[in-house]
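Please read this briefing alongside the sequence and the coordinates. It treats a helix, a sheet and a loop residue in turn.

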Amino acid sequence: MSLAANPSLAAVAAPPIAEAQGWIEGRSFPPEKPLVDVCQAVPGYAPPDALIAHMAEALKQPATHRYTDIQGLPDLRAALAADISGVYGQADRAVVTAENVMITAGCNQAYCLATAGLAKAGDEIILPLPYYFNYQMWLDMTGVTARHVRFRPEAGGLPDLVEIRDTVNAKTRALVLISPNNPTGSVYPPEFLQAALDLCKEAGIALILDETYRDFMPHDEAPHSLFRTHFWESNLIHLYSFSKVFCLTGHRVGAIVGDPKLLEEIGKSMDCVAICAPRIGQIAAKHGLEALGDWRHGNTGLMRDRLAALTEAFARNDLGYEVVSAGAYFAYLKHPHRGRKATDVAKRLADRQNLLALPGSMFGPGQEDFLRVAFANVEAAKMPEVAARLAADAADRAW
């Protein structure tokens, strides 16, 4: 007889990425039609040699193998504050300081710690559809109710602020937005984000803004000017990840940016869960911010090229799949098999086309007509092949 799990944990669905990867477990793929994996958002290239060498040298130092401060290495916190001030603020004025920064073991942990710092069981957090599945899973585990607002494919995935305002009630603690979005790839306009922050200010709740993919924006303009808003510390909690930009997914390093007083409270959770983020990842992130600006900018251009290649390849008349939105790392597609479950469509693509994508149903209710494609994993030259496999699936009506 096995021990009974916490019912709140047992009721949560299994991790979606692992489930999808199980569809191809044990399979081999012919060289003429290899697997194209657009399932998980991971960089399709290695860290630069200079970063690997820096990490290797750091491993020789005894301090590398010890804890850091709970809130992270002071030099990394200062470096990220300076980076944010440069990207979002003004070159001659710091809009964020090291005291506003807490380093975490990836952005997933940043979200978990931030929401735990705001909401208790029975409280509510607004999570627009389609949501990033881990964010829903965490709220379910902790007894916090996720209140959804509807998906608007006709608006490129942009949520309705009026609906969000109408969803706020006495139990609401925060609104969560991701831009560029996961799963849709949609990039939220600066004026929308400012209106969202103003709404949260008026309602007395937090805006949790996840910008994991902000280094892969399709333009060079600042994503928004929220950090220049005089009250930003009162209502904005910003989440960031070094994992994608510096190819450090396995080293787990992200950040929360917010009110120092709130970060001090959140630090209690960090101390219990992990004590601190892994030091080697923090060392790598600091070096990346300070010494890899050109390489970082080059990867921004690389992702723009991949997005342009996808847009061109998916413009074919016989694609059968409709591109609802695309940007940064992801494209959200409406499949042509009306009435079929998204999981069945995704499994069929894996079985017949050797193309592994995620079904929209993994991202919330009402998403059966959609699939997520993590196109950042695919070289630009291979985008026509992805389009060809989708077109072949659309033309195959036999189930």
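In helix α6, which spans residues 133–142, the buried residues are F133, Y135, Q136, M137 and L139, where buried means under 20% relative accessible area with a 1.4 Å probe and protein chains only. Helices here are DSSP runs of H or I with at least four residues, strands are runs of E with at least two, and both are numbered from the N terminus. This is a predicted model, in which local features need pLDDT of at least 70 and side-chain atom pairs count only at pLDDT 80 or more, while totals for chains, interfaces and linings use all residues. Residues are numbered from 1 along each chain as its sequence is written, and side-chain values use heavy atoms, leaving out hydrogens and water.

**Helix end**
- G143 follows α6 and has a positive phi, near 80 degrees.

**Sheet**
- Seven strands form an open sheet of mixed pairing in the order β2-β8-β7-β6-β5-β3-β4, two strands being paired if DSSP finds at least two bridges between them.
- Because β2 (101–104) and β4 (145–147) stand at the edges with a single partner strand each, one side of each is left without a neighbour in the sheet.
- Strands β3 (residues 124–126) and β5 (residues 172–178) run parallel and are joined by three bridges, and I126 stands opposite L175 in β5.

**Loop residue T184**
- T184 lies in the loop between β5 and α8 (190–203) and is buried, with a relative accessible area of 1%.
- Although T184 and A331 are 147 residues apart in sequence, their C-alpha atoms are 5.7 Å apart in space.

Notes
Buried means under 20% relative accessible area, exposed over 50%, partly exposed in between (1.4 Å probe, protein chains only).
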